[in-house]
Amino acid sequence: MNHLETNFYEAVSVILFGIGFMNLLLQNNLIKKFIGLNIMDTAIYLFLAAQGYIFGRVAPILTDGVIDASYYINPVPAGLVLTGIVVSVSITAFSLALVQRLYKHYGSLNMDEIMRLSREEEGE
Amino acid sequence: MEHINWIHNIPFFSIFLAMLGGIITALINNGKIAYKIHMAIIFLICIMSGILLVDVAAKNEIFTFMMGHFPAPWGNELRAGPLEALMAVTFSVVMLLTVGGGANFVFKDVVPEKQHLYFIMLNALFGAMLALIYTNDIFTAYVFIEINTIASCALIMAKGTPQSMVGTTHYLIISLLGSGLFLLGVSILYGITGHLLFPQMKEAIVELIKTEQYHMPLLVVTGFIFIGIAIKSALFPFHSMLPGAYGSATPTSSGILSGLVLKSYIILGIKLIYCVFSAQVMESLRITDILFAFGLSGMVMGSVYAMKERTMKRMLAYSSVAQIGYIYMGIGMGTRVGVTAACFHILAHAVTKTLLFLCCGSFVEDSGGKEKIYHMRGAALRNPLAGIGYTLGALSMIGIPLLAGFISKVYFATASVYSPGKMAAVLIVLGVSMVLNALYFLPSVIAIWTPAKEALNSPSPSVSPAFAVSVIGFIALNLILGIYYRPITHIIQISLDLLAQ
Amino acid sequence: MSNIEDKKTFWQKLKAWVDGEEILLNADKYIATRTPKEHKSWKDRFSVTYVKENRKLYAILSVGISVLFIAIMLSVVNALPEFGSPYNPSNNEVMVRYLEKGIEETGAINFVAGMILDYRAFDTFGEANVLFLAVMCVVLLLKKDGKNFSRQEEQENAEDDYFDTTEERPILQIGAKILTPLVILYGIYVVLNGHLSPGGGFSGGSIIGAGFILYASAYGKKRMQRFFTFRTFTLICAAGLLTYFACKSYSFFTGSNHVGYEISKGVPGDIISAGFILPLNICVGLIVACTMYGFYALFTKGDI
């Protein structure tokens with residue numbers, strides 16, 4: 001089954017996940033690392049949301065009084081993505097607060113610099 | 001009201017009581033009152049879980065609890081059997097003793113205006129761990145894994161020092177990587193099976209294996225989910241977050257994180273193996289072999305790194321890495337006997353490691369805040385109770401008879417006989433790691449009992465009664481696990497049989 | 001640390017190792033004849049610190065791992081069910097019941113709202129808790145206490161407050177005065193109509209939170225603190241979560257044990273319908289609004 005051409009939403013989301021992962025590993029700046037993590041999470045939500053779509057059907061809100069399951073798309077992935085987005089926002093806020101505290105103490109946003117300074121402090 | 005089965009409601013009550021504790025504590029500004037409320041809640045949950053365990057083990061049943069008016073697969077569900085009840089009882093007892101004995105460390109390390117926030121996080125962490133033990137739905141597991149991550153990072157950074165911030169950042173990034181991989185696995189699994197609850201997923205996967213559809217996605221999904229769980233429970237190549245985090249947190253937090261939080265992910269993994277992917281699927285996809293290999297290397301490398309450490313807390317963190325390797329070796333053997341040994345080791349390690357961290361915290365306090373082993377000479381002579389606790393904990397880790405560690409090693413060795421291909425590797429590595437354990441524990445044990453050459457000017461410490469009760473409680477638990485282990489392993493065995501149906 | 005020259009005999013060295021002292025075996029000879037190492041051994045080549053220090057090697061490895069990952073995932077996507085096809089495994093009896101019996105069992109016209117607040121309400125409870133815990137963690141990190149605020153920051157904050165109260169910013173302030181009530185009203189509309197149209201507690205709460213942020217950035221912290229202090233913030237969050245907890249505990253307990261009274265679902269299409277879904281949406285909306293404003297206030301001022 002070669003569904004790569006039709007599954008382009010999932011393919012794009014997977015490439016975005018890889019880009020986010022590369023960001024996480026390669027960037028030295030802490031804020032850019034957390035942006036990479038955010039890109040990874042958003043890519044997973046795009047993947048999950050794409051599982052629910054069905055061609056030719058409308059959004060799962062009662063329209064024209066039609067109560068028939070073959071008229072609407074699948075509502076389950078939409079609900080799961082809703083939960084996931086809130087979790088992602090909370091975690092981003094928490095990690096950025098950590099970055100702000102680290103910057104206040106060490107004066108730098110560079111991860112290597114911070115590790116070096118903290119090892120020096122610990123060695124005293 | 002006569003036909004309400006109150007005992008079946010106990011998992012629901014436990015989870016919701018713990019989460020209620022977290023919400024109410026936000027309104028209370030006083031740290032001491034928050035502490036008392038937390039202890040009361042954990043005590044209630046402990047008693048309820050004990051009643052559940054006695055009932056379910058006697059009747060040998062496993063039951064599901066509908067969360068709401070709709071049965072699975074349309075609504076959420078909880079599932080409880082003897083293993084879940086046993087784990088809940090152990091977690092609540094260990095939590096009770098740790099927070100009771102370690103409360104003084106918390107009150108010293110955390111700023112007074114923010115102490116109640118620490119107890120909010122403890123309550124939420126406990127509620128999330130119970131939800132991971134009892135859940136029957138994979139997306140609920142993901143949401144409570146995230147609650148677990150946030151609460152454990154908060155426990156590490158509550159101390160407020162810059163080193164704890166650096167440790168928390170490292171821990172957070174790696175934990176989020178693990179959760180992200182887990183969620184990706186769950187999404188793909190939903191795409192190919194269409195269900196989110198364990199029983200329906202199991203049927204769908206059995207169907208997929210029979211008809212040989214979606215073979216590649218199923219393999220990748222299993223890989224992602226188990227790599228995600230392995231990253232979060234600090235299996236060998238992914239363990240780098242532990243030393244920085246545990247070394248810079250308060251001893252109470254390190255004890256709870258190392259003894260309980262890592263294990264809750266492993267229990268979720270065991271439930272996934274038996275309730276979603278049946279054991280034959282795991283064998284055919286070779287995941288158990290990979291976990292086995294990582295477990296073996298973790299056992300050796302964790303001990304090697306621990307030998308190089310001169311700070312006691314970091315040494316204990318690397319020792320945790322080695323013990324998690326033991327548990328994954330047991331799971332990786334692929335037989336039910338192996339998983340029984342792994343579950344028993346979960347209990348033994350939870351009881352021992354928290355005792356070690358609490359005694360270590362007491363030694364650091366006695367030495368005036370210095371953390372290197374060199375500065376802790378004679379600490380046990382000033383504080384004999386903590387010294388005896390640390391010595392017994394170390395002996396249990398090494399595997400001296402009469403203590404819990406010995407029984408788990410015997411079970412691992414016995415279990416290896418049932419998987420003939422892996423028996424030689426298991427026995428050799430068990431022996432090597434026992435020697436390595438002794439090599440890194442004995443120096444610290446000897447150091448705390450030798451009198452210090454220079455007279456240290458620290459005042460003789462007053463041992464608070466809570467700390468004494470907690471240390472004696474942990475020693476008693478260790479001895480019980482070491483001597484009366486038969487009923488416990490019997491409960492674990494019948495429960496695994498029930499789960500595998 | 002004791003003198004290295006004393007530790008000549010084997011027993012003394014062993015005792016020193018057991019004691020945990022740092023000793024260097026034969027240190028004096030080593031220091032005298034030390035020459036820099038010419039070549040790195042093969043073990044050093046593969047250690048993590050070497051890899052990290054050699055930026056090029058680390059970059060190539062990282063890109064290699066990511067590309068490998070993308071390749072594996074693209075082959076998985078290749079084998080996944082076709083996008084948008086009605087015969088996918090995920091279009092099964094779960095979806096059919098949510099859509100066909102959704103209105104009569106939950107009373108909500110928005111099927112997604114019915115699903116997350118009635119069928120799978122335990123997940124949403126966990127999610128509201130995640131938001132609450134995250135804001136408590138940010139309070140733990142950033143709120144002013146004895147230890148984490150320096151004199152310079154106090155001074156900067158005092159200057160900011162002075163400028164906020166005395167500076168004339170007519171465009172911003174008149175704009176905020178007109179827009180904030182409209183934004184908050186729109187947010188309240190989205191929250192209340194969560195079960196009838198797209199929207200709900202989460203999106204409506206963010207809109208209300210954005211209204212608060214607009215007002216606070218135009219008029220300053222002191223004006224905002226006239227009616228929104230830290231005490232208000234904790235009270236609203238805790239009250240919202242407690243109401244959610246009470247509603248859902250009742251619902252789970254009565255549902256699972258088949259006791260108790262059924263909450264009437266009302267007429268579908270009315271504002272007051274769908275059982276518990278409307279109060280739950282309001283609770284979630286309040287929590288999200290306070291949380292969004294709380295994040296903004298803690299990040300800029302260190303105090304709510």
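Predicted model: local features only at pLDDT ≥ 70, side-chain atom pairs only at ≥ 80, totals over all residues.
Start with chain C. Its secondary structure comes to 15 helices and 0 strands. Of its 304 residues, 38% count as buried. Among contacts in chain C with a separation of 6 or more, 68% join residues 24 or more positions apart.

Now turn to where chain C meets chain A. Here 47 residues of chain C are in contact with 44 residues of chain A. On the chain C side, five helices each supply at least two residues: α5 (55–79), α6 (93–100), α8 (111–119), α9 (121–142) and α15 (277–300). The largest share, 11 residues, comes from α5(C). By class, this side of chain C divides into 33 nonpolar, 9 polar and 5 charged residues.

Chain C also touches chain B. That contact takes 54 residues from chain B and 48 residues from chain C. On the chain B side, the elements that give two or more residues are α1, β1 (63–67), α4, α5 (138–157), α6 (162–193), α8 (215–232) and α18 (423–449). Helix α5(B) gives the most, with 10 residues. The side of chain B that touches chain C has 40 nonpolar, 10 polar and 4 charged residues.

Next, look inside chain B, at helix α2. This helix has 29 residues, 31–59. At 1.5 Å a residue, α2(B) should span 42 Å, and its end C-alpha atoms are 42 Å apart, so the two values agree.

Which residues of α2(B) are buried? They are B:Gly31, B:Ala34, B:Tyr35, B:His38, B:Ile41, B:Ile42, B:Ile45, B:Met48, B:Ser49, B:Leu52, B:Leu53 and B:Val56. An α-helix has 3.6 residues a turn, so residues three or four places apart point the same way. The cover over the buried residues of α2(B) includes α1 (10–25), β2 (76–80), α3 (82–109) and α4 (115–134) of chain B. After α2(B) comes B:Asn60, whose phi is positive, near 55°.

Further along chain B lies β1, one of the elements on the side that touches chain C. Is this strand enclosed or open? Because 4 of its 5 residues are buried, β1(B) is largely enclosed by the rest of the structure. Its partner is β2(B): the two strands run antiparallel, joined by 5 bridges. In one of these pairings, B:Thr64 has B:Arg79 of β2(B) as its bridge partner. Strand β2(B) also belongs to what covers the buried residues of α2(B).

How values were computed. Residues numbered from 1 in each chain as written. Chains lettered and ligands numbered in written order. Contact = placed C-beta atoms within 7 Å. Nonpolar A, V, L, I, M, F, W, Y, C, P; charged D, E, K, R; others polar. Expected span 1.5 Å × (residues − 1). Buried ≥ 20, exposed ≤ 12 C-beta atoms within 10 Å, placed from the backbone. Pairing = 2+ DSSP bridges.
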